[in-house]
Amino acid sequence: MDNASATPFDANGRLRHLLTLEGLPRAMIVALLDRADDLRAQSRGGTRPLDLLRGRTVINLFFEPSTRTRTSFDLAAQRLGAQVINFDIASSSTVKGETLLDTVHTLEAMHCDAFVVRHKESGTPEFIAANLRSNAAVLNAGDGNRAHPTQGLLDALTLRRHVADFSRLCVAICGDIRHSRVARSDVHALAALGVREIRLCAPPELAPQASEFPQCRIFHDFDEAIADVDVAIMLRLQKERMQAAAIPSEAEYFQRYGLSAQRLRRAAPDCRVMHPGPINRGVEIASDVADGPQSLILEQVANGVFVRMATLAELLADKA
Ligand code: NCD
């Protein structure tokens, strides 16, 4: 991949692409969350279609399997009146050897307003943004282990609906941090919004370099990390990104790093439990916790659609 870079802002300082939350000013993040709440109200919880993006074309370019994120972007664009094309990679010319950029330029020639990109290689959304031939927007739907900005936003939105004051919050993000783009985007969102303390907990094999997260405390002992936290964000073991078996066995992993009801009692009494999905029941989280009263997992899914509506509206609406 070459070194082309893409600036996320246009000449007027408006957001042009959503590639990462890193470096986005707090006010811009808050404005996106506010817009998500507005669109929730205007669309009456998604039951009333809007026409903010009528006549616009959004192309989902997913080079990695995804169910919830792709569906969420698809519904978000459709509920704003856009036309959505789900570009089917398996049957596309990329399997005949067409390069990524040839595919993008071909789609641009047919005119499209936005590409929603997921790719296993970190940096692919930037690479596309830097090499566009039109003024289409690029939305990163997850690249490698680097960023998943709409997940960071939807997690912040979900928490904001339950907690008024982030400056008192202690959040633990637990699991396969090393391979997690969600952890990275969550840290950027939560730090920008002023969360008091962010703890990262992972087995040593799955822990990140401490220098990458100067704003966080890193733990290897889950019982210590979860003590008195207000929020526990659990992550899936991302085996598709691991070199070899980096963890002993799922049963042992659950024993040491799984969120069981018993372990959850070490956290603050009303600790919220979150997970970006897909969840592995009995591996990183027990079923009774995932389905229990402290779990916000399905609220996260619901909020994802409003955050993606807000992002698409921000990037595409009111623009020539
Ligand atoms: C996450 C992803 O793909 O990064 N899932 C998601 O977008 N809902 C996390 C994961 O796959 O574990």
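This is a predicted model: local features need pLDDT of at least 70, side-chain atom pairs count only at pLDDT 80 or more; totals for chains, interfaces and linings use all residues.
View 1. Helices (H or I, at least four residues) and strands (E, at least two) are DSSP runs, numbered from the N terminus. Helix α1 covers residues 26-42, and its 17 residues should span 24 Å at 1.5 Å a residue, which agrees with its end C-alpha atoms being 24 Å apart. The expected span here is 1.5 Å times one less than the number of residues. Met28, Ile29, Leu32, Leu33, Ala36, Leu39 and Arg40 of α1 are buried. Seen down the axis of α1, these buried residues fall within an arc of 140 degrees, so they line one face of the helix. The arc is that of the directions from the helix axis to the C-beta atoms. On the other side of α1, Ala27 and Ala41 are exposed. Buried means under 20% relative accessible area, exposed over 50%, and partly exposed in between (1.4 Å probe, protein chains only). The buried residues of α1 pack against α5 (149-160), α6 (181-192) and α11 (297-316), where contact means heavy atoms within 4.5 Å.

View 2. Just after α1 comes arginine 44, which has a positive phi of about 45 degrees although it is not a glycine. At 57% relative accessibility, arginine 44 counts as exposed. Aspartate 228 is not a glycine either, and has a positive phi of about 65 degrees. Look for aspartate 228 in the loop between α7 (222-225) and β8 (231-234); its relative accessibility of 59% makes it count as exposed.

**View 3. Helix α3 under its cover.** Helix α3 (residues 100-109) is mostly covered, with 7 of its 10 residues buried. They are Leu100, Leu101, Thr103, Val104, His105, Leu107 and Glu108. Their cover includes the strands β1 (57-62), β2 (83-87) and β3 (114-119), along with helix α4 (124-130). Just after α3, histidine 111 takes a positive phi of about 70 degrees.

**View 4. The nonpolar cores.** A nonpolar core is a set of buried Ala, Val, Leu, Ile, Met, Phe, Trp, Tyr and Cys residues joined through side-chain atoms within 4.5 Å. The largest one has 91 residues, of which Ile173, Phe222, Leu259 and Leu312 touch the most other members. Helix α11 gives the most to this core, with 10 residues. A second, separate core has 17 residues, including Ala6, Ile59, Leu61 and Ala136. Leaving aside neighbours within four places in sequence, leucine 259 is in contact with several residues, among them Phe222, Ile226, Met234, Phe254 and Val289.

**View 5. Isoleucine 198 in strand β6.** Isoleucine 198 lies in β6 (residues 197-201) and is buried, with a relative accessible area of 4%. Not counting residues up to four places away in sequence, isoleucine 198 touches Val171, Ile173, Val187, Leu190, Ala191, Gln215, Cys216 and Arg217.

**View 6. Around the ligand.** Which residues are around the ligand? They are Arg68, Thr69, Arg118, His148, Gln151, Arg181, Val182, Arg236, Pro276, Gly277 and Pro278, each with a heavy atom within 4 Å of the ligand. A polar side-chain atom of arginine 181 lies 2.6 Å from a ligand oxygen atom. A polar backbone atom of proline 276 is 3.0 Å from a nitrogen atom of the ligand, and a backbone N or O atom of glycine 277 lies 2.9 Å from a ligand nitrogen atom. The peptide bond from glycine 277 to proline 278 is cis, with omega near -5 degrees. Proline 278 lies in the loop between β9 (272-274) and α10.

View 7. Serine 295 is found in the loop between α10 (287-290) and α11. With a relative accessible area of 15%, serine 295 is buried. Its side chain reaches the backbone oxygen of alanine 290 at 2.8 Å. Such a polar contact is a pair of N or O atoms within 3.5 Å; within protein, one must be able to donate a hydrogen and the other to accept it, and residues adjacent in sequence count only if both atoms are side-chain atoms.

Notes: Residues are numbered from 1 along each chain as its sequence is written. Side-chain values use heavy atoms; hydrogens and water are left out.
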